[in-house]
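Here is a friendly briefing to read alongside the sequence and the 3D view.

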Amino acid sequence: MANPNAVSGASTFKIISTIARNTFREAVRDRVLYNLVIFVLLITASAIFLGELTAGHEARTIVNLGLGAMLVFGAFISIFVGVSLVSKEIERRTIYAIFSKPIGRGEFIVGKYLGLCLTLLVNVLVMGIGVSLAILAVGGGSLALTIWGAIALLYLELAILTAVAILFSSFSSPALSALLTFFVFIIGNFTQSLKDFALTIGSSSGKLFFDVLYIILPNLSFYSFRTNAAHGELPSAALLGGAFLYAMVYIGILLTVTILIFKRRNFK
Amino acid sequence: MSYIIEIENLSKDYEVGFWKKKKVRALDDLTLNVEAGQIFGFLGGNGAGKTTTIKILMSLMFPTTGTARILGSDISDFKMHSRIGYCPENPYFYDYLKARELMNYFGELFGFDAAKRNRKTEELLTKVGLDEKDWNKQLRKFSKGMLQRVGLAQSLINEPEIVFLDEPMSGLDPIGRREIRELIAELREQGTTVFMSTHILSDIEALCDNVAILRGGKLAATGNLHELLTDSGEKQSFEITIKGGAAENLKDSIAGIAGAIFAAKPNGANINVLDENDIEKVLHATREAGGSLVSVQPVRQSLEEFFVKQTE
Ligand SMILES: Nc1ncnc2c1ncn2[C@@H]1O[C@H](COP(=O)(O)OP(=O)(O)OP(=O)(O)O)[C@@H](O)[C@H]1O
Ligand SMILES: [Mg+2]
């Protein structure tokens, strides 16, 4: 044998962070961040437009519009980049060279996930700054700062959505995964209605179905603070803490299931 | 004797069709052991199951039945991968990275510091003959042969004890093939075990100590290459080409050499002999008949015939 004990390998933390940084680099080189240009143009244009049109409510409208657009742009990246995150590597066979190295499938999934979260973080920060500047431009004052509570919640929502996308893509095609994730995004934002709906249903099996759906689907309406933010409200520490905890637990469960499925996959 | 690769009753069924109900047996009860420090040739026709076996060994796929160990560890133990290397068939890598960045990334995954990553990158990219001007080019602009070279370079970044090469010569130009052949021979000198699949018989003859031949997913033959060929009765032969001389005179004197075959051609002849010692006899007779020597070549037919017989 040539050189026993020559290589010991990197730590799990090092491997995950290396994969995450490469995933971020991929997003940058594949021009995922280009959407920011569109977003900034959109916000600037609407700020100018609103400034000329309405009096008194411009800042509030910018908050509503800006946070809404941030959610749409962010969800778009979460869903489309999220579902291709792992499937692209399988399809292009780049995964062969990865798993012939001392890298576990779990480390790979977590690294890819965190890499996309990093991409989203940069996106959300830049878009948030854009909205803040637009608010200042129309004389919104302190709103430019208070919206950041809502932005923090919005980011957590995107982190959950990304975990949903990666889970679906671990067992279904990218197109189907994107569709399913989109449904979860829509329904997840209306979970309260889902629960109310369950109450109005007579049949117990139907009621059970909607109850189960309510528990399984992520409660994304929890993270919607747009209207309050427009009125200058800040989320309470309890709300932020609860939202953070819920997101961590939910993401933890989804990633665990994803890894369990992924560990059994054959890369043909 | 302890083995560095131990494959026991390995089988693999691919599930095909819409409902994955139909099964195709790609590998059937393969048992094979490989000793350390050699170049092992893994042969077989298209679809024989070579890539399937290597992918199972790399834990990219799971066997339907059977087990295998590499360096004494079960193949499911991915930590053992720090001591092995793998170059896939028709390798493909992150096309948004430059060759240098890819090597650097893989080095990082092994936990090497920046200095070591740089050193290994430059050493290996040079060794596989990748032009220095291409080191900082994105891989999406690479040709098949260039990707193959990068694939070989990355498989050696951790100075592996065993390297698995799935058709390492595919896509390479003649010079590239020679360079990689030298690289593989050099690996053995350094004590690295090379497990490679290939279709190029001249490379096998030049490099391999032992071989295994697969046919339809089953092991058709395995053992020392030289012994396999001798045992199967396929003797090495030599082709002597001569010109001038009275061919008819020659024919008679050559008829006296056991196993020699004479074939006249315009202004000369081709003569086949089985024994190295017979070459001198033929040359002597040629000179006496007034002819002269053009060339003497060992005939590579033997492995090809053996291969055809084993795979048909
Ligand atoms: N993903 C797959 N799905 C279904 N069948 C497959 C798949 N991959 C390979 N096979 C089948 O398994 C058998 C073995 O294929 P394999 O790729 O291992 O052959 P090989 O010896 O590497 O051939 P080649 O020399 O052409 O590379 C073939 O019959 C092939 O059709
Ligand atoms: Mg193959």
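This is a predicted model: local features need pLDDT of at least 70, side-chain atom pairs count only at pLDDT 80 or more; totals for chains, interfaces and linings use all residues.

B:E6 is buried, as its relative accessible area is 18%, and a residue counts as buried under 20%.

- B:R69 is partly exposed, with a relative accessible area of 25%.
- B:R69 also meets the side chain of B:E8 in a salt bridge, at 3.0 Å from N to O.
- This second pair links distant parts of the chain as well, since B:R69 is in strand 4 of chain B and B:E8 is in strand 1 of chain B, 61 residues apart.
- B:E8 is partly exposed, and its relative accessible area is 35%.
- As background, side chains of opposite charge can pair when their charged atoms come close.

**Salt bridges elsewhere**

- How many salt bridges does the structure hold over all chains? The total is 27.
- The side chains of B:E101 and A:R29 form one salt bridge, with 2.8 Å from N to O.
- B:E101 sits in helix 2 of chain B and A:R29 in helix 1 of chain A, so this pair joins two chains.
- Is B:E101 buried or exposed? B:E101 is buried, with a relative accessible area of 18%.
- A:R29 is partly exposed, at a relative accessible area of 25%.
- In chain A, a network of salt bridges links A:E26, A:D30, A:K88, A:E89 and A:K112.

**Where chain A touches chain B**

- On the chain A side, 39 residues are in contact with 43 residues of chain B.
- The size of an interface is often given as the accessible area lost when the parts come together.
- Between chain A and chain B, the buried area is about 3,800 Å², and carbon and sulfur atoms give 56% of that area.
- Between chain A and chain B there are 20 residue pairs in polar contact, with both residues at pLDDT 80 or more.
- Which elements of chain A give two or more residues to the side that touches chain B? They are helix 1 (12-29), helix 4 (95-99) and helix 5 (105-137) of chain A.
- Helix 1 of chain A gives the most to this side, with nine residues.
- The residues on the side of chain A that touches chain B divide into 15 nonpolar, eight polar and 16 charged.
- The count of salt bridges between chain A and chain B is four.
- A salt bridge also joins the side chains of B:E108 and A:R21, at 2.8 Å from N to O.

**The magnesium ion**

- Which protein donors does the magnesium ion (ligand 2) have? They are B:T51, through OG1, and B:E89, through OE, and they lie 1.9 to 2.5 Å from the ion.
- B:T51 lies in helix 1 (residues 50-57) of chain B, while B:E89 lies in the loop between strand 6 (84-87) and helix 2 (99-109) of chain B, so the pair ties together parts that are 38 residues apart in sequence.
- B:E89 counts as partly exposed, with 28% relative accessibility.

**A buried loop residue in chain B**

- Where is B:T192? B:T192 is in the loop between helix 5 (174-189) and strand 8 (193-197) of chain B.
- B:T192 is buried, and its relative accessible area is 4%.
- Leaving aside residues up to four places away in sequence, B:T192 touches B:Q38, B:P160, B:E161, B:I162, B:V163 and B:L187.

**Chain A as a whole**

- Chain A has 11 helices and zero strands.
- The C-alpha atoms of chain A fill a box of roughly 80 × 50 × 35 Å along the principal axes.
- Of the 268 residues in chain A, 50% are buried.
- Among contacts in chain A between residues at least 6 apart in sequence, 79% join residues at least 24 apart.

Methods:
Residues are numbered from 1 along each chain as its sequence is written. Chains are lettered from A and ligands numbered from 1 in the order in which they are written. Side-chain values use heavy atoms; hydrogens and water are left out. Contact means heavy atoms within 4.5 Å. Buried area is the accessible area (1.4 Å probe) that two parts lose on being put together, summed over both. A polar contact is a pair of N or O atoms within 3.5 Å; within protein, one must be able to donate a hydrogen and the other to accept it, and residues adjacent in sequence count only if both atoms are side-chain atoms. Helices (H or I, at least four residues) and strands (E, at least two) are DSSP runs, numbered from the N terminus. Ala, Val, Leu, Ile, Met, Phe, Trp, Tyr, Cys and Pro count as nonpolar, Asp, Glu, Lys and Arg as charged, and the others, Gly among them, as polar. Donors are N, O and S atoms within 2.8 Å of the metal (3.2 Å for Na, K and Ca); water is not among the atoms, so sites may look incomplete. Buried means under 20% relative accessible area, exposed over 50%, partly exposed in between (1.4 Å probe, protein chains only).
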